[in-house]
Amino acid sequence: MTLREALPAALLLLALASPQGADAAGLTESQGRGKRIYLEGKGRDPIRAALVGPGLKARGSGFPCVNCHRPDGKGIREGGVTSADITWFHLTKETTGPRTSGRVHVPYTGDALRNAVTGGRDPAGRELNGAHPRFDISPRDLDDLVAYLRILGNEPVPGVGDAEIRVGTLLPRNGPMAEAAREVASFLAAYFDGLSARGGIFARAVRFVPSWYDASRPGTAAEAARGIAAGDDVFCLLACAGVSAEDEAWGVLGRAGVPVVAPLIVPPESGHWIDRNTFYVYGSFRDQARVLVDYLADDLRAGKGKVAVVAAAGKASTGASEGAVEQAARRAVPVAATETYVPGAFDPEASVARLRGKGVDAVLFFGPGEDAGEFLRSAARAGWHPHFLTSAAMAGQTMASLGGNLSGKVALASPVASPDRGSREFADFEDAVAKTPGSGRHRSFQATAFAGAKLLEKGLSQAGRAATRGAFVSELGKLFAFRTGVTPPLSFHENRRVGAIGAMVLRIDPAGRGFIPAGGWREPK
């Protein structure tokens with residue numbers, strides 16, 4: 001796979017924009033309904049939450065149990081407040097001294113737990129922390145919730161049986177990503193069939209079970225995600241496509257503790273706040289912008305001259321713009337101007353006039369490709385030829401079509417790196433591609449899915465035959481410089497859920513044959 005072959009698919013990353021109802025297999029009907037209350041705050045009857053401290057009342061869906069007590073029920077410390085471990089073993093165990101919460105009381109019973117949920121008091125009659133909501137919940141919904149809490153932390157592992165592990169995904173059945181989604185699905189199904197034929201993982205076969213959603217209808221990806229979260233048909237999701245970073249589906253999966261490996265999107269950020277159960281392969285637009293500033297400082301101008309940052313309004317472009325400004329300050333690159341415009345209302349001639357008048361000689365541009373092209377054409381008509389740096393995922397297609405007189409000073413950050421062609425892993429990838437029917441136009445997406453499959457294998461192997469979702473997430477979070485053959489080495493830790501933070505810088509081939517790399521993979525300095 002050459003860089004020129006990989007890039008067209010990489011450009012689609014920006015377009016990766018979006019339930020089937022199911023009872024949780026292995027749970028009773030009451031436990032399944034209780035699990036929905038725990039995860040979503042929704043029961044058969046309306047549920048209301050009251051916050052004693054601020055005196056607020058809201059729908060129960062705004063304060064589901066999982067937000068504070070986490071999917072495994074073990075709680076978390078956040079904002080100076082420690083939420084309790086509410087696994088049944090912990091609640092009902094005998095103890096002679098203070099519990100981990102610092103409280104002294106007899107073990108919880110079902111009735112005591114009902115009183116805690118509705119009345120906000122522990123078995124000793126003392127009030128719970130004011131941050132804990134008091135819930136107005138019907139008796140039958142409360143019975144369902146208690147039924148689920150009795151098995152919380154000890155329920156069957158979703159998607160794991162004696163003979164197989166089931167791995168799912170979210171894919172669009174229609175829309176611009178449909179063909180790529182079908183080829184990714186075919187590739188992964190064939191890959192896991194081969195893995196299973198070789199003995200699988202701890203003698204379990206790996207079965208790939210896609211969930212398809214209607215990309216023409218808003219909300220259908222989140223609907224499918226709710227079905228996955230409420231059931232236990234799959235262990236984790238792999239290589240989800242067509243679901244934008246802002247889609248509600250990610251929140252649904254995150255709250256339910258469903259691991260997601262190698263989603264085919266550019267993450268919104270690369271920092272500590274990313275959901276800890278989601279593991280991205282490539283870095284955010286913010287990180288790509290930082291790499292472009294490093295390239296500007298180190299390879300083009302050694303930090304001399306003036307820079308302008310121009311960005312369309314929107315989460316991705318704003319993140320890139322902020323990353324560029326932050327890195328410019330870090331590298332002592334002077335920023336003469338920052339401009340934000342409304343998509344569809346860009347005035348390239350006015351922007352060119354303003355920036356040229358300020359003595360700018362390099363422009364970092366983050367917006368749609370057509371706007372980037374118009375800016376360069378307006379600059380050329382004005383006789384101004386600044387360095388022009390942008391994201392391949394945002395504007396690469398337009399940049400590739402520019403004439404030679406416009407493209408000479410263009411550089412692009414691509415989140416996709418050249419593969420390690422001499423590696424055993426790359427040979428495995430090539431073998432899997434050869435066995436997969438399809439157009440061959442989506443090898444870059446297949447490569448990212450392959451990297452995710454390798455991460456999945458490694459995480460499951462490290463977690464052991466008795467793997468749980470929590471153990472799997474923990475093991476993936478310890479990987480350092482993990483080699484896939486088709487990506488840079490991937491590393492994760494507790495505050496890092498992006499494996500390859502950085503980008504490759506590309507230049508436009510003057511011979512008109514696409515893009516050529518300006519050096520190797522770069523991590524922001």
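Modeller: Let's settle one term before we start: helices (H or I, at least four residues) and strands (E, at least two) are DSSP runs, numbered from the N terminus. By that count the protein has 18 helices and 18 strands. This is a predicted model, in which local features need pLDDT of at least 70 and side-chain atom pairs count only at pLDDT 80 or more, while totals for chains, interfaces and linings use all residues. Residues are numbered from 1 along each chain as its sequence is written, and side-chain values use heavy atoms, leaving out hydrogens and water.

Biologist: Thanks! Where does Ser-321 lie, then?

Modeller: Ser-321 is part of helix H11, residues 315–330.

Biologist: And why is Ser-321 called buried?

Modeller: Buried means under 20% relative accessible area, exposed over 50%, and partly exposed in between (1.4 Å probe, protein chains only). Ser-321 has a relative accessible area of 13%, so it counts as buried. Setting aside neighbours within four places in sequence, Ser-321 is in contact (heavy atoms within 4.5 Å) with Val-309, Ala-311 and Phe-366.

Biologist: What makes a group of residues a nonpolar core?

Modeller: They must be buried Ala, Val, Leu, Ile, Met, Phe, Trp, Tyr or Cys residues, joined through side-chain atoms within 4.5 Å. The largest such core has 52 residues, and Leu-188, Phe-192 and Leu-238 have the most contacts inside it. Helix H7 (178–197), strand S8 (236–238) and helix H17 (443–463) are among the elements that each supply at least two of its residues. H17 gives the largest share, 10 residues. A second, separate core of 50 residues includes Ile-37, Leu-128, Ile-151 and Leu-253.

Biologist: What does Leu-188 touch, not counting residues up to four places away?

Modeller: It touches Phe-208, Leu-238, Ala-239, Ala-449 and Ala-453.

Biologist: How do you know that H17 is largely enclosed?

Modeller: Of its 21 residues, 18 are buried, so the rest of the structure largely encloses H17. Just after H17, Gly-464 takes a positive phi of about 90°.

Biologist: And what makes H10 mostly covered?

Modeller: In H10, 13 of the 16 residues are buried. H10 spans residues 285–300 and reaches 21 Å, close to the expected 22 Å.

Biologist: Last one: how do you know that the radius of gyration of the protein agrees with a compact globule?

Modeller: The radius is taken over C-alpha atoms, and the globule rule is 2.2 Å times the number of residues to the power 0.38. For 525 residues that rule gives a value near 24 Å; the protein has 26 Å, so the two agree. The C-alpha atoms fill a box of roughly 80 × 55 × 40 Å along the principal axes, and 54% of the 525 residues count as buried.

Technical notes: Expected span 1.5 Å × (residues − 1).
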